[in-house]
Amino acid sequence: MQKKDCFLFGTVFKMHSYKGSVNIYNENGINLDFSKINYFLIDFDNELVPYFIEKAHETKTNVILVKFENLNSEETAKKIYKRSVYLPKDHLPKPNKDKITNKQLLGYKIVDEKLGELGEISHINSQTNQNLIYVIKGDTDFCFPMHKEFIKELNIKEKIMKVVIPKELLNLN
């Protein structure tokens, strides 16, 4: 599976036990139904490798404790430590028609009024003073602030965000 078909869920940030369990930081606070998700994709040098879930549950806000199949020791779990974790886009919760949240924007196409299609939203960083929208297209990515200065229109039905982003801002990334 390619990155364009997935969204960045989080990062393996902590080894949990000597039995191979790990903590994954859920960057966008996405609520998942673990009875319907049987794997995560781990990024190894831009190649997404599936890791099948034996057990998973949220331990605290934005932290998921996961025990993967075939990771039975701290040594084997170290292979995925500090790696990015992805999920296929079809695992995203369905949007509420009355309200759109940051996590529901994942996968939206970004279309600049002058430059055309720039890519798709891969994740939104809400840990900064100003939310940052990260966009990926092929092997390139960039980010821009979530601000009315840049966002001109949001088409929920077609999943398109129309923007005006100065080239100078795109070149910073």
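Modeller: Let's start at lysine 4, which is exposed, with a relative accessible area of 51%. Keep in mind that this is a predicted model, where local features need pLDDT of at least 70, side-chain atom pairs count only at pLDDT 80 or more, and totals for chains, interfaces and linings use all residues. Residues are numbered from 1 along each chain as its sequence is written, and side-chain values use heavy atoms, with hydrogens and water left out.

Biologist: Why is lysine 4 called exposed?

Modeller: Buried means under 20% relative accessible area, exposed over 50%, and partly exposed in between, with a 1.4 Å probe and protein chains only. Lysine 4 has 51%, so it counts as exposed.

Biologist: Where is lysine 4 found, and what does it touch?

Modeller: Lysine 4 is in the segment before strand E1 (6-15). Leaving out residues up to four places away in sequence, lysine 4 touches Lys89 and Glu120; contact means heavy atoms within 4.5 Å. The C-alpha atoms of lysine 4 and glycine 107 are separated by 8.6 Å, though the two residues are 103 apart along the chain.

Biologist: What makes something a strand or a helix here?

Modeller: Both are DSSP runs, numbered from the N terminus: helices are H or I with at least four residues, strands are E with at least two. By that rule the protein has two helices and 12 strands. From the N terminus on, the order is β-β-β-β-β-α-β-β-β-β-β-β-β-α.

Biologist: How do you know that the protein is as compact as a globular protein of its length?

Modeller: Its radius of gyration is 17 Å, close to the 16 Å that the globule rule gives for 173 residues, so the protein is as compact as a globular protein of that length. The radius is taken over C-alpha atoms, and the rule is 2.2 Å times the number of residues to the power 0.38. Of the 173 residues, 41% count as buried.

Biologist: Show me a buried one. Why does asparagine 26 count as buried?

Modeller: Asparagine 26 has 0% relative accessibility, so it falls on the buried side of the cut-off. Asparagine 26 lies in strand E2 (residues 22-26), and it touches Phe9, Asn62 and Ile64, not counting residues up to four places away in sequence.

Biologist: Let's do the rings. Why is the pair of phenylalanine 40 and phenylalanine 68 called edge-to-face?

Modeller: Rings of Phe, Tyr and Trp (its six-membered ring) pair if their centres lie within 6.5 Å; planes under 30 degrees apart count as stacked, over 60 as edge-to-face and the rest as tilted. By this rule there are seven aromatic pairs. Phenylalanine 40 and phenylalanine 68 are 6.3 Å apart, centre to centre, with 80° between the planes, so the pair is edge-to-face. Phenylalanine 40 lies in strand E3 and phenylalanine 68 in strand E5 (residues 63-68), so the pair ties together parts that are 28 residues apart in sequence. Both phenylalanine 40 and phenylalanine 68 are buried.

Biologist: What makes phenylalanine 144 and phenylalanine 150 a pair of the edge-to-face kind?

Modeller: Their ring centres are 6.5 Å apart and their planes are at 70°, so that pair is edge-to-face. Phenylalanine 144 is buried at 1%, and phenylalanine 150 counts as buried at 14%.

Biologist: Which residues form an aromatic cluster?

Modeller: Phe9, Phe40, Phe44, Tyr51 and Phe68 form one.
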